[in-house]
Amino acid sequence: MIEVVNEAMRAFSFAPASEPKLTNPTDVQDAIRGLKISKAPGPDGIPNRALKHFPLSIVSLLVVLFNAILRTQYFPVAWKHARVFSILKPGKDPAVPSSYRPISLLDTIGKLFDKILLFRILYEVSGRGLLRDEQLGFRPKHSTALQLARLVERVSRNFGQKRLTGAVFFDVAKAFDTVWVTGLLYKLTNLNFTSYLVKVISLYLNGRTFEASFQTATATSRRMRAGVAQGKIMSPVLFSLYVSDMPSPSRHAGLALCGRYSHHSHV
């Protein structure tokens, strides 16, 4: 652990070696078009519907803001704060804490920048093949349904060859909450991830805060000490990279890494 921490600190003691890939109005407009209007606004109170009506002049200002973040590797503090509400699960006992589902609300503009950043992360991941072939969830043009098809095909083939099929399933509960951030950054560095992206991801994950609300009461703001951010669209990809160094299955082994993890919901 000490080696990992020291190596991560050493890597971030230098300025990023790579120039950031800046965004443009077309990228931002494409990201806005992909937003769902059903999502609730975050602490900034800006609904996605409003973003879809932004004129080009406002979009251009967002481009200036987003490029400034990419150039300076500075992530706004307000975008790292979440308001967490608890919603009772259907048919559950309201007196039991586990009966509630936590919902994280994040700033709308911050989530828009997440999409811009995710495009760059996926370009890096796809272009260099950094995710394992068995990881089918949270990847463009892939799905967990394809993993089920592979499993059915494997079982059917073995059945036809009169061979037994065994399977082991792992349910990774609270997967996002358990990620060791320093370890994730260390792994990204070892993967030779673009340095400016690693720096922005580091600022994005460190120093996050949240406040929990229940009915009419709101707790004081608390600091998150571990995990990738709940409610962030890039968190599944970061978690997939975090576990991508698990041992590979042998040629005769079953399938691995379905890509379905348990984590908090968001709206």
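Val168 is exposed, as its relative accessible area is 64%; exposed denotes over 50% relative accessible area, buried under 20%, and partly exposed the range in between (1.4 Å probe, protein chains only). Val168 is located in the loop between helix 6 (144-160) and helix 7. Helices (H or I, at least four residues) and strands (E, at least two) are DSSP runs, numbered from the N terminus.

Together, Val168, Phe170 and Val172 make a nonpolar surface patch of about 340 Å². Patches consist of residues with over 30% relative accessible area and no salt bridge, with like charges joined within 9 Å and nonpolar side chains (Val, Leu, Ile, Met, Phe, Trp, Tyr) within 5 Å. A salt bridge is a side-chain nitrogen of Lys or Arg within 4 Å of a carboxyl oxygen of Asp or Glu. Accessible areas come from the Shrake-Rupley method with a 1.4 Å probe, and for residues only the protein chains shown count as cover.

## Basis of the model

The model is predicted: local features need pLDDT of at least 70, side-chain atom pairs count only at pLDDT 80 or more, and totals for chains, interfaces and linings use all residues. Residues are numbered from 1 along each chain as its sequence is written, and side-chain values use heavy atoms, leaving out hydrogens and water.

## Nonpolar core

The largest nonpolar core contains 48 residues, of which Val28, Phe66, Leu112, Ile121, Phe193 and Leu238 touch the most other members. Such a core is a set of buried Ala, Val, Leu, Ile, Met, Phe, Trp, Tyr and Cys residues joined through side-chain atoms within 4.5 Å. At least two residues of this core come from each of helix 2 (25-33), helix 4 (56-72), helix 5, helix 7, helix 8 and helix 9. The most is given by helix 5, with 9 residues. In soluble globular proteins, nonpolar side chains tend to be buried together.

Not counting residues up to four places away in sequence, Val28 touches Thr23, Val59, Leu62, Val63, Phe66, Leu112 and Ile116. Contact here means heavy atoms within 4.5 Å.

## Helix 9 and its cover

Helix 9 (residues 235-242) is mostly covered, with 8 of its 8 residues buried. The elements covering its buried residues include helix 5 (108-128), helix 7 (181-190) and helix 8 (195-205). Among the buried residues of helix 9 are Pro236, Phe239 and Tyr242.

Ser235, also in helix 9, is buried, with a relative accessible area of 0%. Apart from residues up to four places away in sequence, Ser235 touches Phe176, Tyr204, Val228 and Ala229.

Asp114 is part of helix 5. Its relative accessibility is 1%, so Asp114 counts as buried. When neighbours within four places in sequence are left aside, Asp114 is in contact with Phe75, Tyr204, Lys232, Ile233 and Met234.

## Aromatic pairs and cluster

The whole structure holds 6 aromatic pairs. Rings of Phe, Tyr and Trp (its six-membered ring) pair if their centres lie within 6.5 Å; planes under 30 degrees apart count as stacked, over 60 as edge-to-face and the rest as tilted. Phe75 and Trp79 form an edge-to-face pair, 6.0 Å centre to centre with 80° between the planes. Phe75 counts as buried at 3% relative accessibility, and Trp79 counts as buried at 9%.

The ring centres of Phe75 and Tyr204 are 5.5 Å apart and the planes lie at 70°, so this pair is edge-to-face. Because Phe75 is in the loop between helix 4 and strand 1 and Tyr204 is in helix 8, the pair ties together parts that are 129 residues apart in sequence. Tyr204 is buried, with a relative accessible area of 1%. Phe66, Phe75, Trp79, Phe113 and Tyr204 form one aromatic cluster.

## Positive phi angles in loops

Gln73, in the loop between helix 4 and strand 1 (81-88), has a phi near 55°, a positive value in a residue other than glycine. At 11% relative accessibility, Gln73 counts as buried.

Asn192 is not a glycine, yet has a positive phi of about 60°. Asn192 sits in the loop between helix 7 and helix 8 and counts as exposed at 59% relative accessibility.
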